[in-house]
Amino acid sequence: MAQDSTAVASDQAVKMTGARVIAKLLRARGVKRAYGLIGGHIQPIVDEMVRHGIEFVDTRHECAAVYMAHAEAALSGRLTVAMATAGPGITNAVTGLANADVARMPVLVISGRVPRLQDGMGGMQDVPQAEVVRSICRRVEVVWSAAHVAARMDAAIRAALGSDGTPGPAYIDFPTDIQREEIHAADIDEALFAEWAPTPIPASADALDRAAKVIREARRPLVLAGQNAHGCRAQIEAFLEKTGAIYLDTSESRGAIPGDNPANVPAMRAKAMQGADLVLTLGRKLDFQVAYGSPAIFEGGARFIRIGRNDEYISGNRRAEVELKADVALALDGLLERDIRPIDPDAAWLSEIKSQNEIRERKLRETIRSMPAEGLMHPYSVIDAVNAHVDKDTIMIADGGDILSFARVALKDSARLLDPGALGCIGVGVAFANGAAISNPGKRVIALIGDGSFGFGAMEIHTAVRKGAKVIFVVANNKGWNIDRHDQIENYDGHLIGVELGNVEYDLLARALGAYGERVERREDLPAALERAFENAPAVLNVMVDPEPKSPDFASGIAFVYDRQALRRWHELEDERRASEAV
């Protein structure tokens, strides 16, 4: 909501301090809440924010505050704000910032620092904060003059939202004396209080023509979606129908189109990547999750068309035949206006991929239904019970090592799925769920979290209680770091080090923090326990899970950390390619 000049002029009569300018600018940019942990170095800003209608969601740790802002940004696409006080407040927030950086989330982190008269004297909580976070932020602003408060805030916000094409976290801090200092009206540019959004980037007509030609020549087209596919459902579905392409999402794009779209073939990921002769990426980095786009994995001389707002989306790790530097929606609109129907599609291959996907998904459902009822629960049994409460409006959080791997395969389609992401940042689960529930109060939010990962953020259950976040936390408790346990058994002669957590009563911890808590040991008891959890949310179900089943991720070799690729088979294909080229 833009702020008119009358309002700004009226504020001058009240006394426009640095803190007041910050609060009013955030309100004008549509910020509804800030997540953080209070401290003296940010007190003036927090006070003004709350007085101006911005909710302050206080957490038990600064990293959780950034995670919560991250979750809201992921679900809304809007700028979100996290607050951290000076010194250890910022160092506590670093992992959250790193995760937001890798995930490209528009999170603005605001901090304070020692008054200018104490700078460099060894003041309380005085550390070089900007240098600590500079490498993981789109922009870092250190404000030294009250005259620059509004302009520097604007610059940080624009950077976070992707003024250069790449959204991501931005950081800004202010000495406490600047927060309290009155700012002269001449130093407040009223234009900065207007709404702002990145300028849409259309694709060039020439690039669209070249891309359309490549698509017409394709026989086995594959669409590989990334984060920027969200909000483009109509265009993606129209493209899939017009071209007959198959579709693969990744964790960052899950929910961009319904999972039951007939072009979606998640169970045939390896075959689709190996067999496609054209790969169209939609706002997707070619990182370890998609084998860096390597020719060893994308076999047969596959051609690439890459779409995105910046270079990392369109050229990183593998150059494309056509690189469309543009918004995904606008590029797809342009392609749909052209003739993009393949001239000679490989109908047999496309049909086989889809039919085999259906067979594999049916076998998985049969496997889940056949799990033994006695003894500790298989992870799939836990997910099956959770699935009974998942619909296309549900927000799902999955966090952990083993349980996340099982969840990616077996969870039902939901509105969104948030997980640790490409950074592998386990421990986000509780805070992600809290942020999702607080910013989407009408949505059902379920968090499926491994017991190891739950330990990172368990105190944030208290935040859920205090803030009324109606989350169901299902802790899959196998009493250890199970993917690493299996790795040590298989690859290190069973020499177990640091992987056994023992019996922890997470349900009792939940009760101590004011939430509903229940321990569940038998598969037959879980459905009723879930019903009680929904009636008493926020709730923690401590579900005892069998540690013996090996997850899909473990079976793929991801725990071993191979030299060339994340997965064992991909690593082997790289070696085979190098051996064949050496002959």
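## Close-up views of a predicted model

**View 1. An open sheet of 6 parallel strands.** The strands line up as β2-β1-β3-β4-β6-β5, and their pairing is parallel. Here, helices (H or I, at least four residues) and strands (E, at least two) are DSSP runs, numbered from the N terminus, and two strands pair if DSSP finds at least two bridges between them. At the edges sit β2 (55-58) and β5 (139-142), each with a single partner strand, so one side of each has no neighbour in the sheet. From one strand to the next, the twist averages 20°; axes are lines fitted to C-alpha atoms, for helices over the stretch in contact, and angles run from 0 to 180 degrees between N-to-C directions.

This is a predicted model, where local features need pLDDT of at least 70 and side-chain atom pairs count only at pLDDT 80 or more, while totals for chains, interfaces and linings use all residues. Residues are numbered from 1 along each chain as its sequence is written, and side-chain values use heavy atoms, with hydrogens and water left out.

View 2. Strand β5 pairs with β6 (residues 170-175) in the parallel sense over 4 bridges. Within that pairing, V140 stands opposite Y171 in β6. Helix α5 (residues 88-103) packs on the sheet and touches β3 (80-84), β4 (107-113) and β6, where contact means heavy atoms within 4.5 Å. The direction of α5 makes about 165° with that of β4.

**View 3. Strand β14, covered on both faces.** In β14 (residues 445-450), 6 of the 6 residues are buried, so the strand is largely enclosed by the rest of the structure. Buried means under 20% relative accessible area, exposed over 50%, and partly exposed in between (1.4 Å probe, protein chains only). One side carries V445, A447 and I449, the other I446, L448 and G450. Strand β12 (residues 395-399) runs parallel to β14 and is joined to it by 5 bridges, with I395 opposite V445. Strand β15 (residues 471-477) also pairs with β14 in the parallel sense, over 6 bridges, and V475 in β15 is the bridge partner of I449.

**View 4. Helix α4 against helix α17.** Helices α4 (residues 62-76) and α17 (residues 429-439) pack at an angle of about 50°, with their axes 7 Å apart. That makes α4 oblique to α17: angles under 35 degrees count as roughly parallel, over 145 as roughly antiparallel, 65 to 115 as roughly perpendicular and the rest as oblique. The contact is made by A64, Y67, M68, H70, A71, E72 and L75 of α4 and A431, F432, N434, G435, A436, I438 and S439 of α17. These residues divide into 9 nonpolar, 4 polar and 1 charged; Ala, Val, Leu, Ile, Met, Phe, Trp, Tyr, Cys and Pro count as nonpolar, Asp, Glu, Lys and Arg as charged, and the others, Gly among them, as polar.

View 5. A cis peptide bond joins A537 and P538, with omega at about 5°. P538 sits in the loop between α22 (526-535) and β17 (539-544). Y292 is not a glycine, yet has a positive phi of about 60°. Y292 belongs to the loop between β9 (278-282) and β10 (303-308) and is partly exposed, with a relative accessible area of 33%. K479, another non-glycine, has a positive phi of about 65°. The loop between β15 and α20 (482-491) holds K479, which is partly exposed at a relative accessible area of 36%.
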